[in-house]
Amino acid sequence: MTIRLLTIFIKVVDCNSMSLAAKHLYISQPSVSQAISQLENFYDIKLFERLSKKLYITEQGKQLLSYARHIVTLFDEMEENIKNKSNTLLKIGGTITVGTCVMSDIINCFNTKYPTIQTQILINNTSIIESKILTNELDIGIVEGEIKSKEIICIPVIKDKLVLICNKTNPFVNRNKVELSELNNQPFILREKGSGTRELFENLMKYAGFIIQEKWVCNNSDSIKQAVIAGHGLSVISERLIKNEVSADILKIVKINNVEFKRNFSVIYHKNKYLSQCLKDFIENLGNCNLV
């Protein structure tokens, strides 16, 4: 099948309308309908269910879509790189914890070694980064959360640890250790749904049969730290993020007896992604940045 047909198919999915796809592509609606029919006839599948004048992509359509996005992007990359190698662009996603802790050092390290390669960074939570890897809006990601899709390759690259923190007036501040059961129904400052940090802590508490009192939800680490400092509750956060506050005796790390929140920051990419030399170099470079 031609790149043109796949491009039309992708645009129909993105617009959820053949007429809108035709408008965006500057072609007639019959041309769009014909392209979809050609794909359906060639593969002997149904790409869309048409109900009440709306399009609903089928499971077979979703499977083709995954391949189509990568094929079209790879074609575009080929043309761009052959015409002008200096314009190589690497689209990188990072979770909020990764973006706050290590992304800047990673990019600085990479740019020093590969100054002609442009990088474009998106910081969001794990679920958003995962979804953009699946739709090929990002080439590669670095996340701390669990990846759900089997379509994504996940390689651990950097070690990390979560810690329980409180402020100087919290009853836990003078304790050497607390039991996990003592966190039951304690007020917590949490990251938003979709955060890998939140998911790890929630899963542990749920497995142990304890309840988290969700008092405050934040989508960045600075807001979490300020809320804890002000005495609004406890939080579980990457140890990398609170080194300065602990050194300044503003926040206290409280150990949980027999519990360690160890995890990894992992590099992720779609299993159908063509790993150009640029991407291979980026992944290899992660192990050489001496991130602690």
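Predicted model: local features only at pLDDT ≥ 70, side-chain atom pairs only at ≥ 80, totals over all residues.
**Exercise 1. Determine which elements build the lining of the largest cavity, and characterise that lining.**

*Solution.* α5 (96–101), α9 (221–229) and β10 (235–238) each contribute at least two residues to the lining of the largest cavity.

Step 1. The largest has a volume of about 60 Å³.

Step 2. Its lining consists of I96, T97, T100, R191, T197, S221, I224, V236, I237, S238 and L241.

Step 3. By residue class, this lining comprises five nonpolar, five polar and one charged.

**Exercise 2. Describe the second largest cavity by volume and lining.**

*Solution.* Step 1. The volume is about 40 Å³.

Step 1. The residues that line the second largest cavity are I189, L190, R191, T197, R198, F201, S235 and V236. Two or more of the lining residues come from each of β8, α8 (196–208) and β10.

Step 2. The lining residues are four nonpolar, two polar and two charged.

**Exercise 3. Locate D160 and find the polar contacts of its side chain.**

*Solution.* Step 1. D160 is situated in strand β6 (residues 152–167). The residue counts as buried because its relative accessibility is 7%.

Step 1. The D160 side chain forms polar contacts with the side chain of R240 at 3.2 Å and with that of R263 at 2.8 Å.

Step 2. When residues up to four places away in sequence are excluded, D160 touches S238, R240, F261, K262, R263 and F265.

**Exercise 4. Explain why the buried residues of α2 line one face of the helix.**

*Solution.* Step 1. In helix α2 (residues 18–25), the buried residues are M18, A21 and A22.

Step 1. Viewed down the axis of α2, these buried residues fall within an arc of 100°, so they line one face of the helix. An α-helix has 3.6 residues a turn, so residues three or four places apart point the same way.

Step 2. The cover over the buried residues of α2 includes α1 (3–15), α3 (29–43), β1 (48–51) and β2 (54–57).

Step 3. After α2 comes Y26, which has a positive phi near 60°.

Terms used: Residues numbered from 1 in each chain as written. Heavy atoms only, no water. Helix = DSSP H or I, 4+ residues; strand = E, 2+ residues; numbered from the N terminus. Buried < 20%, exposed > 50% of the residue type's maximum accessible area, 1.4 Å probe, protein only. Polar contact = N/O pair within 3.5 Å; in protein donor to acceptor, adjacent residues only side chain to side chain. Contact = heavy atoms within 4.5 Å. Arc of directions from axis to C-beta. 1 Å grid on protein atoms, 1.4 Å probe; cavity = no way out; pocket = protein on both sides within 12 Å on 5 of 7 lines; lining within 4 Å. Points joined across faces, edges and corners; volume = space filled by probe spheres on them. Nonpolar A, V, L, I, M, F, W, Y, C, P; charged D, E, K, R; others polar.
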